[in-house]
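Please read the numbered points below alongside the sequence and the model.

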Amino acid sequence: MTDLEKADKWLAERKLNSYGDPESTMYMGGSPLFNESTGESKDRYKHLKEKYTDLPWLTVNKSTSTTTTTSTMKQIILFTGNAVIHSMWFRVLYILLSTFASTSSSSSGDIGNIHETFCLEKLRPCIIQALMVSTIELFNSIFGLTKSKPHQVLLFTSVRTGVELIAAPHLPCNSYQHLITIVCWSLDGIVRFGCFALDAIFSILGYNSVTLIKSIRYTVGPMLFPLGAGGEMAMVITIAYQTGKWPVWVAASLWPLGFYPLMKQLLKQRKRHFKKLSSDKQ
């Protein structure tokens with residue numbers, strides 16, 4: 001596109017005529033480019049440059065190009081982070097399921113001990129690594145790369161990390177409360193961050209977000225999140241019964257206070273998404 005074509009596009013967007021004036025403008029001699037006293041005509045683009053010395057049509061294109069580049073870089077960062085988190089939780093679930101498959105087929109030895117040893121030496125380090133990598137989501141929200149509220153992401157990640165680092169060591173690693181919680185965390189991480197990564201890919205390629213991806217996220221999320229939170233609470237209550245310490249009972253009683261705002265926000269997002277789908281169909 002030539003500079004004159006860019007200028008014409010800029011003028012058309014602002015409903016100005018080809019000389020840069022309001023469309024209703026009338027000219028002596030029919031054109032502002034013709035000088036009746038000298039009989040000379042001026043180049044139209046030269047006229048526009050004299051009228052708009054800052055050449056706004058060129059600035060707009062540069063600005064648009066810069067904005068597009070920035071947006072693409074943002075999506076690349078989001079894709080990379082979400083893909084890494086997704087893969088880490090997939091790894092946790094794979095190790096967990098493959099361990100169950102191998103030990104359940106074993107005909108000798110104490111399966112419980114095998115599970116516990118493997119859980120402590122292999123599974124738990126992977127869980128901690130996945131939780132640490134998941135803090136990428138917090139940094140994305142802090143730097144404005146996502147619409148998520150930083151304080152809610154902080155509450156979400158700190159609770160899970162605290163449960164695994166502080167509460168989990170007080171229970172057998174292979175306890176059903178712990179394993180159910182980890183399965184829910186893993187499935188949630190796989191689906192949620194997988195959907196985020198796919199959204200970013202479509203954006204990088206210049207396509208709009210696929211509705212199905214968000215529908216899956218907003219359907220699976222509200223199911224897995226309360227199950228995972230329930231597993232966390234079951235772990236804390238079990239520890240409270242075993243230790244009899246009142247601070248642990250206080251922590252268990254406060255669990256719903258942290259769960260409620262996060263679940264409310266999740267259901268709000270789900271309702272908004274499906275309401276938009278319904279209105280678009282109409």
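1. A salt bridge joins Arg-160 to Asp-188, and the closest N and O atoms of the pair lie 3.6 Å apart. The two residues belong to distant parts of the chain: Arg-160 sits in helix H6 (residues 150-167) and Asp-188 in helix H7, 28 residues apart. In total, the structure contains 9 salt bridges.

2. The model is a predicted one, and its confidence should be kept in view. The mean pLDDT of the protein chain is 86, and 91% of the residues reach at least 70. Residues 107-111, however, remain under 50 in pLDDT, and the model gives this stretch 2 contacts beyond four places in sequence.

3. The axes of H6 and H7 come within 12 Å and cross at roughly 145°, in a left-handed crossing. On the H6 side the contact is made by Phe-156, Arg-160, Val-163 and Glu-164, and on the H7 side by His-178, Ile-182, Trp-185, Asp-188 and Arg-192. By class, the contact of H6 with H7 comprises 4 nonpolar, 1 polar and 4 charged residues.

4. What is the angle at which H6 and H8 pack? The angle is about 35°, and the axes of these two helices are 11 Å apart. The crossing of H6 and H8 is left-handed. From H6, the residues Phe-156, Val-159, Arg-160, Val-163 and Ala-167 meet Phe-225, Glu-232, Met-235 and Ile-239 of H8. The contact of H6 with H8 has 7 nonpolar and 2 charged residues, with no polar ones.

5. The remaining pair to consider is H7 with H8. The axes of helix H7 (residues 176-204) and helix H8 (residues 211-243) come within 8 Å and cross at roughly 155°. The two helices are therefore roughly antiparallel to each other. H7 passes H8 in a left-handed crossing. The residues of this contact fall into 15 nonpolar, 6 polar and 6 charged.

Technical notes
Residues are numbered from 1 along each chain as its sequence is written. This is a predicted model: local features need pLDDT of at least 70, side-chain atom pairs count only at pLDDT 80 or more; totals for chains, interfaces and linings use all residues. Side-chain values use heavy atoms; hydrogens and water are left out. Axes are lines fitted to C-alpha atoms, for helices over the stretch in contact, and angles run from 0 to 180 degrees between N-to-C directions. Helices (H or I, at least four residues) and strands (E, at least two) are DSSP runs, numbered from the N terminus. Angles under 35 degrees count as roughly parallel, over 145 as roughly antiparallel, 65 to 115 as roughly perpendicular and the rest as oblique. A crossing is left-handed if the near helix is turned anticlockwise from the far one by less than a right angle, and right-handed if clockwise. Ala, Val, Leu, Ile, Met, Phe, Trp, Tyr, Cys and Pro count as nonpolar, Asp, Glu, Lys and Arg as charged, and the others, Gly among them, as polar. pLDDT is the predictor's confidence in each residue, from 0 to 100. Contact means heavy atoms within 4.5 Å. A salt bridge is a side-chain nitrogen of Lys or Arg within 4 Å of a carboxyl oxygen of Asp or Glu.
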